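Please keep the viewer open as you read.

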Amino acid sequence: MTMLLIVDGANVVGSVPDGWWRDRRGAAERLRDSLVTYAEREGVDIVLVVEGAARGVESVPGVRVESATGSGDDHIVELVAAAGRPCTVVTADRELRRRVGELGATCVGPRTVGPPGGPPGPPPP
C-alpha cells in the first residue's frame, strides 16, 4: 500500500522566511512544484492542503492540491481520518500533530520535504 503524505501547505511555506507573505498563492505553487520531484523519488502519494489566499492552486501530476474551505488543519484531520492507509503529515504545528497522531498518522517537520526551491530533506519514516 502506497503511503499518503499530507502536506500542511501554510505551515511548510511559512517555515521559510523568503517573502512568501507577499504572494501566498505563488509560494504554494512553488511548494507544489517542488513536491512533484519528491513524490516521484519517494514513491508516495501527496496531497497538498492550501487555505486562505492560496486557495485555488491547481493539482498537477504527482501532487493533488485540496483547498480547505475553512481551517486547513481541520481539513487535514478529515483527510487522515478518511485515508484508510498509512499516513504521514508534514507540519510543525503541535496541535495538528496531536490531532492526527490520535488518528494513527505519523508526523514529520517541514524540512522533510525541503523548503520550496531548496534541496529536499530525508524521506519520511
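Which residue takes a positive phi just after α2? That residue is G43, with a phi of about 65 degrees. Elements here are DSSP runs numbered from the N terminus, with helices being H or I over at least four residues and strands being E over at least two.

Before going further, a word on the source: this is a predicted model in which local features need pLDDT of at least 70 and side-chain atom pairs count only at pLDDT 80 or more, while totals for chains, interfaces and linings use all residues. Residues are numbered from 1 along each chain as its sequence is written, and side-chain values use heavy atoms, with hydrogens and water left out.

**Two helices**

The expected span is 1.5 Å times one less than the number of residues.

| Helix | Residues | Reach, first to last C-alpha | Expected span |
|---|---|---|---|
| α2 | 19 residues | 26 Å | 27 Å |
| α3 (72-83) | 12 residues | 16 Å | 16 Å |

**The cores**

A nonpolar core is a set of buried Ala, Val, Leu, Ile, Met, Phe, Trp, Tyr and Cys residues joined through side-chain atoms within 4.5 Å. The largest one has 24 residues, and L5, V7, L35, I46 and L48 have the most contacts inside it. Two or more residues each come from β1 (4-8), α1, α2, β2 and β3 (63-67), with α2 giving the most, seven residues. Leaving aside residues up to four places away in sequence, L35 touches V7, I46, L48, V63 and V113. A second, separate core has 14 residues, among them I6, V47, I76 and V80.

L5 sits in strand β1 and counts as buried because its relative accessibility is 0%. Although L5 and V80 are 75 residues apart in sequence, their C-alpha atoms are 9.7 Å apart.

**The largest pocket**

A pocket is an open set of points on a 1 Å grid over the protein atoms alone, where a 1.4 Å probe fits and protein lies on both sides within 12 Å along at least five of seven lines; lining residues have an atom within 4 Å of a point. The largest pocket has a volume of about 170 Å³, the space filled by probe spheres set on points joined across faces, edges and corners. Its lining has 14 residues, with G9, A10, R24, E51 and A54 nearest the centre. Two or more lining residues each come from α1 (9-14), α2 (24-42) and β2 (45-50), and α1 has the largest share, four residues. By type, the lining holds nine nonpolar, three polar and two charged residues.

G14 belongs to helix α1 and is partly exposed because its relative accessible area is 37%. Its C-alpha lies 9.2 Å from that of A27, 13 residues away in sequence. D23, in the loop between α1 and α2, is also partly exposed, at 41% relative accessibility.

Conventions:
Ala, Val, Leu, Ile, Met, Phe, Trp, Tyr, Cys and Pro count as nonpolar, Asp, Glu, Lys and Arg as charged, and the others, Gly among them, as polar. Buried means under 20% relative accessible area, exposed over 50%, partly exposed in between (1.4 Å probe, protein chains only). Contact means heavy atoms within 4.5 Å.
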